[in-house]
2 protein chains.
Amino acid sequence: MSRASVQTRDRQSASPRQRLLSAARELFSTRGIKGVSVDEVAEMAQTNKMTLYRHFESKDLLVAAYLRELAAEADREWEAITLAHPGDPAGQIKAWIALVASHLAQSDDRGCPLANAAVELPDKEHPARTVIEQHKTAQRDHLVHLCGKAGFEHPAQLADEIFLLLEGARVNVQSVGRCGPGGRFAAMACTLMASHTRTGTP
Amino acid sequence: MSRASVQTRDRQSASPRQRLLSAARELFSTRGIKGVSVDEVAEMAQTNKMTLYRHFESKDLLVAAYLRELAAEADREWEAITLAHPGDPAGQIKAWIALVASHLAQSDDRGCPLANAAVELPDKEHPARTVIEQHKTAQRDHLVHLCGKAGFEHPAQLADEIFLLLEGARVNVQSVGRCGPGGRFAAMACTLMASHTRTGTP
DNA sequence: ACTGCATGGTACTGGTTAGTAACATCACGT
DNA sequence: ACGTGATGTTACTAACCAGTACCATGCAGT
């Protein structure tokens, strides 16, 4: 079953809280946080604003919960990759690159919702900011760890290069579309990995 | 005179239109487009909403004009770099990297205002989107051109790598602050250039 | 049947926003 | 002095939005 239909079923049969989070995810990620009202979220969740406010103190905290769900799902994707390539850190990195590339290839991709939220919420005190910062830092740390275990030269720098390349691709797709340089980021990441391989001779 | 004081003086003596654009720039870039009302822009420009609407049809078109000014200023910075390093495309690239790195080092940097605007305005029909797309595409094309003239191997790929690295650094700074990988992007870009240099032997 | 609790529905408050109307004022060229 | 056009001022509309009060409903366990 596709992700979209899973979400649709979620919004029909699951608990109101889960329906609300599912609706928030679809609306916030496609139209932005400031561009969606809590009424719209409640309506798409097939409930109403009162029930929403019984589960979430405020819109800000709903946003934080929405981002926490995204972070948890990303962690689950990492776990799946780890299980699919046991003891093969380089393979895990490549699998992750392929996963992100497949996201970028989708025509409706709007980039990383966490990074987008950071752009939309400049207030440093917003409850969502700690979620964003923690998740981004953990992702980068994990990549550094994998690059080290895979035996690359200058593992931290390689990890940062891949990480920033990826963030750049996801933000650039929004500015110039997926036909721009963002569409070819997988090839670039592989080139980077090759240039950090210890044996420079063939 | 610092940029800030220049802008302050602009808002005291220049034409209302220029004052409005100067105020829009300060407010939109620091607090986001959706987070600032036209009243606030007019007030910071030491004028009022009516005058604003005599110069700009709507808030959307004010935003487009604001981004057009940013793009024009970036073009001017490129011109200055070109004049400072005549006939030295590699030096121009390095100067540009250093310029962006200095932006990133500022504690209040919020990343590229054009990319941020693309995140804040998901509507593909928004008048600002053509400004963003044209400017980003032109910047990337210019970088490809310079990489080719400088004699690097695979110039288009190197240009895209630098470009995405830079976009990634600017967006990442917003998520995790300038202490994260974004703060070291200049070193990474130089490594990339070295790895694309034709003579692999010392 | 009774009770308690989560939910649905409606209507409301108070505040904000983009955009407009109408009139007053000021500067400037003649 | 005069008139014209740009600007300042105030007040307004219509819509939107976050958040709340209040009551009805329906479903659980007992």
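User: In which loop is His154(A) found?

Analyst: Quick ground rules: this is a predicted model, where local features need pLDDT of at least 70, side-chain atom pairs count only at pLDDT 80 or more, and totals for chains, interfaces and linings use all residues. Residues are numbered from 1 along each chain as written, with chains lettered from A and ligands numbered from 1 in written order. Helices here are DSSP runs (H or I, at least four residues), numbered from the N terminus. On that basis, His154(A) sits in the loop between α8 (127-149) and α9 (155-176) of chain A.

User: What is the phi of His154(A)?

Analyst: Most residues other than glycine have a negative phi. His154(A) isn't a glycine, yet its phi is positive, at about 45°.

User: Which element gives the largest share of the surface near DNA strand C?

Analyst: "Near" means a C-beta atom, placed from the backbone, within 6 Å of the strand. By that rule 16 residues surround DNA strand C, with Thr47(A) and Lys59(B) among the closest. The largest share, four residues, comes from α4(A).

Note on methods
Helix = DSSP H or I, 4+ residues; strand = E, 2+ residues; numbered from the N terminus.
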